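Biologist: I am new to this structure. Can you show me how to read it, feature by feature?

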Amino acid sequence: MALEVTEKLESIVERYRSGKSSVTGVMQDISQEYGYLPEEVLQEVSRLIEVPISIFYSLATFYSSFRLEPIGKKHICACVGTACHVRGASQVVDTLERDLQIAPGETSKDGNFTLETVNCVGACALGPLVTVNGEYHGKMDQKKITRLVKSIRQEISENR
Amino acid sequence: MKLKPEDIRSIREKSASVSAIRRGEGAAEKKMDLLVCAGTGCVSNHSLKVKSSLIAEIEKHELQNRINVVTTGCNGFCANGPIVVVKPDDIFYQLLTPEDIPQLVEEHFLGGRPVERLMYRPGEGEAPIPKMASIPFFGKQQLIALANRGIVDPERIEEYIALGGYQALVKALTEMSREQVIEEIKTSGLRGRGGAGFPTGKKWEFCKNATVASAEGEAAKYIICNADEGDPGAFMDRSIVESDPYALLEGMLIGAYAIGATHGFIYIRAEYPLALERLTQALEQAREYGLLGEQILGTDFSFDITVSKGAGAFVCGEETSLIASLEGKLPEPRVRPPYPAQSGYMGKPTNINNVETWANVPHIINRGAEWFSSFGTDTSKGTKVFSLVGKVNNTGLVEVPMGITMREIVFEIGGGIPGGKKFKAVQTGGPSGGCIPESLLDTPVDYESLVQAGSIMGSGGMIVMDEDNCMVEVARYFISFTQQESCGKCTPCREGTWHMLNILEDISAGRGQEGDIELLEKMAQHIKETALCGLGNTAPNPVLTTIRYFRDEYEAHIRDKRCPAGVCKALITYSIDPVNCTGCTACAKNCPVACISGERKKTHVIDQDRCIKCGMCYSVCNFDAVRVE
């Protein structure tokens, strides 16, 4: 693990050392590379760039886009921005929680789903809106979201 | 190729036909441009498939010499995407699917008969409106910051130049002194479009005149574009960056020249992948053409821009916290003064404006302060971009002259409330703003009038609510948002919003008590007066305005344990009206907890003990038989 980590991290660390990125930037680069912030990577980078690990954790828990756990195969983000909210986003979130049996911020035990709520994805005209691995699904309601989850489950089982 | 001022002119002259077609003046040449909207909204509705289908059909009929397919940024009328606008004729096609394209190409582009079926209709059974400019949604708009929206390919700098781009930069660099540029912006009356409305020219002047107490002299000054659109329910900045990134860059270049900055930052929200991609591409092209970097346009002005991706924190909209975030620190705001104009990024004088403010700048330099200030009111000049969303027919992005009334925006441009429902309120200013009731719909949109109504201009979110929205719940929603986004540095905001949220949750859950309203008002006042930054100072606004205008709803929750809009779960029950119920079984089939019973073609009944009040039966019933009380 250690060697692989070092290779992948070389360019990320280099960008920081040359002043082209900040600690937050380093963490964004790590997230981009691994999908989350693995502890051993943070430890290694902390050592390499001589920034205490506590700084990394304080930033990671402040910003909403960082995660300390790996995400599931399907990353479902339900937009709960105001425009989606007034059109019934909370019902969509409730349905997702019920169908997936996880709360926002959690990943299902089988590692298939991560559910999150996001504050606005900027496509308000299509609200309520859900993104699945970055792909937008607009004008959701309880029935449509149930159908969407079903089709994703089917897709996962077919690809197994 | 590094451009010189004369190159900008010659590119523009050479491509005069492009700009003529786009501006609707090229009918004689028989050439057409099909402008396919590729904003986030339309792309989510598969506009790129529509585009490839258009290209394929056009090639099939060998029309490619005459008809040009162009991808543009957000057209604005997001509710009706995917959208294609045919120029120069200005024919507007909406809600397109790839299957519509063969007919469209054959009838319109081969046969010369525009396809009515794919045009906009104001209502069912009404005649179609072929031309974009005649559609009421576009009619009352006045485009300045969005002047190029939907008519320029945001990935081609040549198109921006063809449509008059970088003319303002040439003018500023070759004909105007730094002082003259600032004077022009001051005279125009442009105020910050991020929300607070501080006069832009003045802000620039403070930064220009700030003395740098370091050996680096004037070199160390920075400008920042705040594109961290954290306001939930708003997408003005996303749209500008996606549809016309060069206008933003040109505005920043002019500002940097006037202020004396050598480096700039664009702090952009990470949730906007498409905007980020277009911006990065625009920066690369600008560098290639010598519009960023050393000796821009052959003058001795040098400037470059770094794009910095936000990591998701609403408080970064506050300028001192944005700066801390850029420096890689925890984005907590700090006490001002010193203002960023004296001590900002890395302790150096720094000027921050938001995307829309920067995008207005080239137009003011081009057409003059007097032209700009001819729009708007005495104290609020020019236009404002709003994202008109929520319970309104024509959702999308609109740019309107300041001084227009809320009623005109919601009912004329927005086309009113869908489904025959009754208007209740319009929310402006996001989590920092307030809800404006029907009685104040004739309030003109300007900085001062909105403050008087208890709201703020904000960055441009405009969310329409109808009779089905509960105002107590809306207040709870906003406070829960600010409470989560509070950085925790100052006690009034950290603890105060938390207590306000608890009280509001109690009221929504039927546990409200006499005196809660007064307590909320008192706490709101304290938080407003004592919080450290703008987030806390404005966080109570949604609560205060809903109490001010919808006190009866609060009282119904507290005294009668009733939610008049039928939203707050603890206070409502779902039941089935035996008169309307046809026994279709749709509700029973869809109920997630199987608590609805009844035989086919007979009245159904909800078991109240097991009902989780999810509202599924209400949304699937086609016979208006499910009641919420």
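Biologist: Take contacts in chain B between residues at least 6 apart in sequence. What percentage join residues at least 24 apart?

Modeller: This is a predicted model. Among those contacts in chain B, 72% join residues at least 24 apart.

Biologist: How many helices and strands does chain B have?

Modeller: Chain B has 25 helices and 17 strands. Its radius of gyration is 27 Å, close to the 25 Å that the globule rule gives for 629 residues, so chain B is as compact as a globular protein of that length. Along its principal axes, the C-alpha trace of chain B spans about 80 × 70 × 40 Å.

Biologist: What share of the residues of chain B count as buried?

Modeller: Of its 629 residues, 54%. To judge burial, count the C-beta atoms around a residue; 20 or more others within 10 Å make it buried.

Biologist: Which residues of helix α5 of chain B are buried?

Modeller: Helix α5(B) covers residues 101-110, and B:Ile101, B:Leu104, B:Val105 and B:Phe109 are buried there. They lie on the same side of α5(B), because they cover an arc of only 95 degrees around the axis. Their cover includes α4 (47-60), β2 (67-72) and β4 (91-93) of chain B. After α5(B) comes B:Gly112, with a positive phi near 75 degrees.

Biologist: Now helix α14 of chain B, residues 319-326. Why is α14(B) described as largely enclosed by the rest of the structure?

Modeller: Because 8 of its 8 residues are buried. The buried residues run from B:Glu319, B:Thr320, B:Ser321 and B:Leu322 to B:Ile323, B:Ala324, B:Ser325 and B:Leu326. What covers them includes α2 of chain A. From chain B, the cover includes β5 (222-227), β6 (263-268), β7 (304-309) and β8 (350-354). B:Gly328 follows α14(B), and its phi is positive, near 85 degrees.

Biologist: How do I read a pair of packed helices?

Modeller: Two packed helices are described by the angle between their axes and by the distance between the axes. Here, take α8 (residues 167-175) and α15 (residues 355-367) of chain B. Their axes come within 8 Å and cross at roughly 65 degrees. The crossing of α8(B) past α15(B) is left-handed.

Biologist: Which residues of α8(B) and α15(B) meet?

Modeller: From α8(B) come B:Gln167, B:Ala168, B:Lys171 and B:Ala172. They meet B:Pro362, B:Ile365 and B:Asn366 of α15(B). By class, this contact has 4 nonpolar, 2 polar and 1 charged.

Biologist: And how is an interface between chains described?

Modeller: The size of an interface is often given as the accessible area lost when the parts come together. Here we have contact counts: 36 residues of chain A are in contact with 41 residues of chain B. On the chain A side, α2 (23-34), α4 (53-62), α5 (82-86), α6 (89-100) and α7 (142-158) each supply at least two residues. That side of chain A has 15 nonpolar, 16 polar and 5 charged residues.

Biologist: Let us end with one loop residue. Where does B:Glu25 lie?

Modeller: B:Glu25 is in the loop between α2 (16-22) and β1 (32-37) of chain B. It has 14 C-beta neighbours inside 10 Å, so B:Glu25 counts as partly exposed.

Biologist: What does B:Glu25 touch, not counting residues up to four places away in sequence?

Modeller: B:Ala20 and B:Pro88. For B:Tyr554, the separation from B:Glu25 is 529 residues in sequence and 56 Å in space, C-alpha to C-alpha.

Key
Residues are numbered from 1 along each chain as its sequence is written. Chains are lettered from A and ligands numbered from 1 in the order in which they are written. This is a predicted model: local features need pLDDT of at least 70, side-chain atom pairs count only at pLDDT 80 or more; totals for chains, interfaces and linings use all residues. A residue is buried if 20 or more other C-beta atoms lie within 10 Å of its own, exposed if 12 or fewer, and partly exposed in between; C-beta atoms are placed from the backbone. Helices (H or I, at least four residues) and strands (E, at least two) are DSSP runs, numbered from the N terminus. The arc is that of the directions from the helix axis to the C-beta atoms. Two residues are in contact if their C-beta atoms, placed from the backbone, lie within 7 Å. Ala, Val, Leu, Ile, Met, Phe, Trp, Tyr, Cys and Pro count as nonpolar, Asp, Glu, Lys and Arg as charged, and the others, Gly among them, as polar. The radius of gyration is taken over C-alpha atoms; the globule rule is 2.2 Å times the number of residues to the power 0.38. Axes are lines fitted to C-alpha atoms, for helices over the stretch in contact, and angles run from 0 to 180 degrees between N-to-C directions. A crossing is left-handed if the near helix is turned anticlockwise from the far one by less than a right angle, and right-handed if clockwise.
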